Amino acid sequence: MQDLAGKHIVLGLTGGIACYKSAELCRLFVKAGATVQVVMTEAAEQFITPVTMQALSGRTVYTSQWDTREPNNMPHINLSREADAIVLAPCSADFIARLVQGRSDDLLSLMCLARPMDRIPLLIAPAMNREMWAHPATQRNLMQVAADGATVLGVGNGWQACGETGDGRMLEPAQLLEDVTAFFSPKLLAGQKVLVTAGPTFEALDPIRGITNHSSGKMGFAIARAAREAGADVTLVAGPVHLPTPRGVARVDVLSAQDMLEATTRAAQSASIFVATAAVADWRPATQSNQKIKKDGSGRTPVLNFTENPDILLAVAKSERARSKKLFCVGFAAESENLAEHAKAKRERKGIPLLVGNIGPLTFGQDDNALLLVDANGVRELPRAPKLTLARELMTEIAARLPDWRV
Ligand code: CTP
């Protein structure tokens, strides 16, 4: 997806082994539609060559403030003025200290200092050894660069090139792409607390087996991501799915409908928007065996009895918080036919302001979908598109409805 179409990013590399990840980051920015101008410090050139970065960005790389290619010999001015953002990845401990001091004795630091702060944001992806990261000097410097207007994107945790394990790894290129994309997104849901349920539930029969469904969780995860991009504080209650947690989203993993009900009602107490995308099992086995149910050789098959599961959306929609219009509830309906009629009826039955209908068999597991939005004023179609695109459109639709609904 061309999430960064039309954006011009100056990608600054400083000295750190994480420079090897910057090659992939550059490629992802370009694939996302951005133009990328790479600027490297002398130390960065020890880790990766300008040739690699030139080939991936399609532009010659700048490494020196004395570069005579610029007619006015001022690459620090020219390069920064064109940028929609300067992204420093990796940003070493030393470079952060230099930013704090306003040093300007190489092209990259000079360019950061010379950037018009009101127009050109500076995003920093730190990368260093865990002891360097934890050092009070680094933490103090990070607070200062943030206070000076930079956005610090955080670090990863794990195995480090030095052989130690801990905080300080540069975020992975895909995570950085997600963060930079979110940074550019309009903050339509700033100040909102969004709660999303996603995926199937798993209703155990015994410790080995259970009943579940084909929901992949992709739509709900896309909604959580889109809500975070739109500036909301997001909690995602997820059934058993193998999907990476969207950046900046608090995830609570659950298995059964009952677990999901508990986690959701807890989070709903402070949420302002609830989007129920989970395909909650309607029934669970009436009894659960503590041990595996064995064949006894007689050829007899077990008889299963079921109990109805709680309706999570209905429970939340009936809560005091939803009824007093502090919580905007959105339901999903997966139908196999007569989408509009079923969706309208379901919205009434659940007593919610907005219901999103889709045709279940056409969407389960897919990366795209088509949605039908049903509210008190009627029906609106969101034509087939990638789930993330639809999720973003849905966030816009929700944001647009909030002011009128709350009065
Ligand atoms: N939902 C829920 N808890 C349940 C069942 C459904 O929160 N136990 C939510 C889903 O997340 C979705 C909406 O309710 O947002 C779906 O409504 P539902 O009436 O369950 O739809 P269907 O199961 O498709 O209903 P029906 O069998 O009547 O078609």
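Where in the structure is the place of Arg392? Arg392 belongs to helix H15, and the model in which Arg392 is shown is a predicted one.

View A. Arg392 is located in helix H15. When neighbours within four places in sequence are left aside, Arg392 is in contact with Met1, Asp3, Thr181, Arg225, Ala226 and Glu229. The C-alpha atom of Arg392 is separated by 8.2 Å from that of Ala222, although these two residues are 170 residues apart along the chain.

**View B. The packing of helix H9 with helix H15.** Two packed helices are described by the angle between their axes and the distance between the axes. Helix H9 comprises residues 218-229 and helix H15 comprises residues 387-406; the two pack at an angle of about 50°, and their axes are 8 Å apart. H9 is therefore oblique to H15. The crossing in which H9 passes H15 is right-handed. On the H9 side, the residues that meet H15 are Lys218, Met219, Ala222, Ile223, Arg225, Ala226, Ala227 and Glu229. On the H15 side, they are Lys387, Leu388, Leu390, Ala391, Arg392, Leu394 and Met395. Sorted by class, this contact has 10 nonpolar and 5 charged residues, with no polar residues.

**View C. The packing of helix H1 with helix H2.** Helix H1 (residues 19-31) packs with helix H2 (residues 50-57) at an angle of about 15°, and the axes of the two helices are 9 Å apart. Because angles under 35 degrees count as roughly parallel, H1 and H2 are described as roughly parallel to each other. H1 passes H2 in a crossing that is right-handed. H1 contributes Ser22, Ala23, Cys26, Arg27 and Val30 to the contact, while H2 contributes Thr52, Met53, Leu56 and Ser57. By class, the contact of H1 with H2 has 5 nonpolar residues, 3 polar residues and 1 charged residue.

**View D. The surroundings of the ligand.** The ligand is surrounded by 15 residues, of which the closest are Ala276, Ala278, Pro310, Leu313 and Phe332.

Definitions and conventions: Residues are numbered from 1 along each chain as its sequence is written. This is a predicted model: local features need pLDDT of at least 70, side-chain atom pairs count only at pLDDT 80 or more; totals for chains, interfaces and linings use all residues. Side-chain values use heavy atoms; hydrogens and water are left out. Axes are lines fitted to C-alpha atoms, for helices over the stretch in contact, and angles run from 0 to 180 degrees between N-to-C directions. Helices (H or I, at least four residues) and strands (E, at least two) are DSSP runs, numbered from the N terminus. Angles under 35 degrees count as roughly parallel, over 145 as roughly antiparallel, 65 to 115 as roughly perpendicular and the rest as oblique. A crossing is left-handed if the near helix is turned anticlockwise from the far one by less than a right angle, and right-handed if clockwise. Contact means heavy atoms within 4.5 Å. Ala, Val, Leu, Ile, Met, Phe, Trp, Tyr, Cys and Pro count as nonpolar, Asp, Glu, Lys and Arg as charged, and the others, Gly among them, as polar. A residue is near a molecule or strand if one of its heavy atoms lies within 4 Å of it.
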